[in-house]
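Please keep the sequence and the model at hand while reading.

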Amino acid sequence: MYDYDLLVLGSGPSGQKAAIAAAKLGRRVGIVDRRDMIGGVCINTGTVPSKTLREAVLYLTGLSQRDLYGSSYRVKEEITVSDLAARTQHVITRQTDVIRNQLARNRVAMITGTGRFADAHTVWVDGGSGRESKVTFDKAIIAAGTRPARPDSVDFDDRTIVDSDGVINLQAVPRSMVVVGAGVIGMEYASMFAALGTKVTVVERRDRMLDFCDEEVVESLKYHLRDLSVTFRFGEEVAAVEKHQTAALCLLKSGKKIAADTVMYSAGRQGQTDDLALPAAGLEADRRGRIPVDAHYRTAVDNIYAVGDVIGFPALASTSMEQGRLAAQHACGEPVREMHGLQPIGIYTIPEISFVGKTEEQLTESSTPFEVGIARYRELARGQIVGDSYGMLKLLVSPDDGRLLGVHVFGTGATEIVHIGQAVMGCGGTVDYLVDTVFNYPTLAEAYKVAALDASNKIRNITRIDG
């Protein structure tokens with residue numbers, strides 16, 4: 001007899017859902033994590049704190065209301081870190097309580113400490129008391145998550161030079177900041193601090209940012225960030241960072257020097273597998289700490305699964321939750337449907353971006369014909385009401401059968417309303433469905449009807465001319 005039918009290592013989004021899914025199927029389930037990390041990186045230092053910080057920034061700066069009340073409008077003149085931290089800590093505490101309650105309700109045993117494999121059916125758990133306890137299991141799911149990658153050449157001190165986890169613990173809002181890396185996390189924090197009035201410089205070795213997004217949307221974001229005094233240095237690389245008494249000095253390989261109060265590195269993520277003693281269970285990770293899995297999230301060892309950020313792309317909380325659920329069902333011998341191929345991407349910059357399906361560039365490269373339908377928030381009553389004159393929704397439509405090939409949203413509520421397009425695409429709906437549907441008025445969702453009519457009219461005009 002094993003102690004548990006299923007043991008989950010890590011209590012982040014994927015670990016929680018895996019544990020609860022198995023418990024719902026009547027299995028004895030244990031979940032291992034540190035006392036101060038219930039909910040994983042997602043709740044404590046990553047997704048939830050950063051999105052809460054964004055909400056606090058938008059509210060306290062009054063940024064989203066300036067179209068209505070003028071460019072000088074602010075809710076609070078001097079915004080301090082404690083103003084921002086109060087909201088963040090409140091949400092973290094509440095969410096941690098919710099997770100503890102869900103695990104307890106489903107009779108999932110919470111094992112406090114850090115785990116390392118002894119063999120393929122045993123884990124040693126260090127509870128911090130100096131003594132390790134042995135826990136045995138039939139099946140295991142590794143949901144250890146990731147941490148920010150830290151280049152060896154950089155002397156991080158969590159005050160002047162920070163990573164994306166440390167940036168939420170800054171002692172004061174910096175007057176100037178260099179963000180190294182124009183990926184999702186880098187751009188989210190760059191836009192937040194720019195909204196707070198920080199002079200932000202983004203350094204990116206590639207020629208563009210967010211290159212998996214629609215180019216028109218990225219250009220719109222870039223325009224808005226430049227309006228917030230963000231400077232972009234594309235095709236540049238940081239050679240070194242020098243710490244001085246009052247600031248840091250970034251030395252670029254091109255010879256440029258940039259002075260800033262704070263330097264934030266956003267250099268990707270590293271799987272937290274170093275301390276798991278994977279070889280003892282017959283496993284190994286790649287140089288980025290990621291564990292290879294098959295289509296059912298099973299590792300090279302049949303009774304051990306891995307899910308979430310620790311297996312690599314797409315490394316989103318949303319997809320990780322579903323991976324955890326599916327892995328648990330497979331581990332319990334339950335019938336499993338594959339994860340749906342249509343997964344939305346949400347980027348919480350200011351303004352926010354969300355999309356599902358293909359981009360114009362991808363369709364062009366694959367020689368797939370498409371028509372574009374656009375709705376601009378400034379043409380919608382709700383857009384005027386909420387003070388968003390820059391938002392837009394773009395539909396990419398197949399002229400042959402009217403299928404939606406891609407939905408791209410920029411502006412207020414983008415990460416919410418993208419799901420309408422996702423549902424239509426997932427159910428095989430066409431642009432005609434959106435044309436004939438009645439949406440509540442006034443809403444931002446009404447943008448779908450406007451964009452659908454735009455695309456339909458273009459397709460009709462071409463058909464009339466082309467016969």
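## Model and domains

The structure is a predicted model. Its chain is divided into three parts: domain 1 covers residues 4-147 together with 270-332, domain 2 covers 161-267, and domain 3 covers 351-466.

Between the C-alpha centres of domain 1 and domain 2 the distance is 27 Å. Domain 1 contributes 17 residues to the contact, and domain 2 contributes 14 residues. The size of an interface is often expressed as the accessible area lost when the parts come together. Here domain 1 and domain 2 bury about 1200 Å² between them, and 69% of that area is on carbon and sulfur atoms. One salt bridge is found across the interface of domain 1 and domain 2.

## A salt bridge

K51 and E188 are joined through their side chains in a salt bridge, with a distance of 2.9 Å from N to O.

In soluble globular proteins, nonpolar side chains tend to be buried together. The largest nonpolar core of this model has 51 residues, and the members that touch the most others are L7, V8, F117, I141 and I142. Helix α1, residues 13-24, gives the most to this core, supplying six residues.

What does I142 contact, leaving aside neighbours within four places in sequence? The contacts of I142 include L9 and F117, as well as L276, L278, L283 and I291. I142 is also in contact with I304, Y305, A306, V307 and V310. Another core lies apart from the largest one; it has 47 residues, including L60, M187, M192 and I353.

## Surroundings of V29

V29 belongs to strand β2, which spans residues 29-33. Because its relative accessible area is 3%, V29 counts as buried. Not counting residues up to four places away in sequence, V29 touches Y4, L6, V8, A19, A22, A23, R107, V108 and A109.

V29 and A447 are separated by 418 residues in sequence, and their C-alpha atoms lie 45 Å apart in space.

## Cysteines

A disulfide is a covalent bond between the sulfur atoms of two cysteines. How many disulfides does the structure hold? The number is zero. C42 takes part in no disulfide, and the nearest cysteine sulfur, belonging to C213, is 20 Å away.

Is C42 buried or exposed? C42 is buried, because its relative accessibility is 15%. C427, by contrast, is exposed, with a relative accessible area of 72%.

Definitions and conventions
Residues are numbered from 1 along each chain as its sequence is written. This is a predicted model: local features need pLDDT of at least 70, side-chain atom pairs count only at pLDDT 80 or more; totals for chains, interfaces and linings use all residues. Side-chain values use heavy atoms; hydrogens and water are left out. A nonpolar core is a set of buried Ala, Val, Leu, Ile, Met, Phe, Trp, Tyr and Cys residues joined through side-chain atoms within 4.5 Å. Buried means under 20% relative accessible area, exposed over 50%, partly exposed in between (1.4 Å probe, protein chains only). Helices (H or I, at least four residues) and strands (E, at least two) are DSSP runs, numbered from the N terminus. Contact means heavy atoms within 4.5 Å. A disulfide is a pair of cysteine sulfur atoms within 2.5 Å. Domain bounds come from an automatic or database domain assignment. Buried area is the accessible area (1.4 Å probe) that two parts lose on being put together, summed over both. A salt bridge is a side-chain nitrogen of Lys or Arg within 4 Å of a carboxyl oxygen of Asp or Glu.
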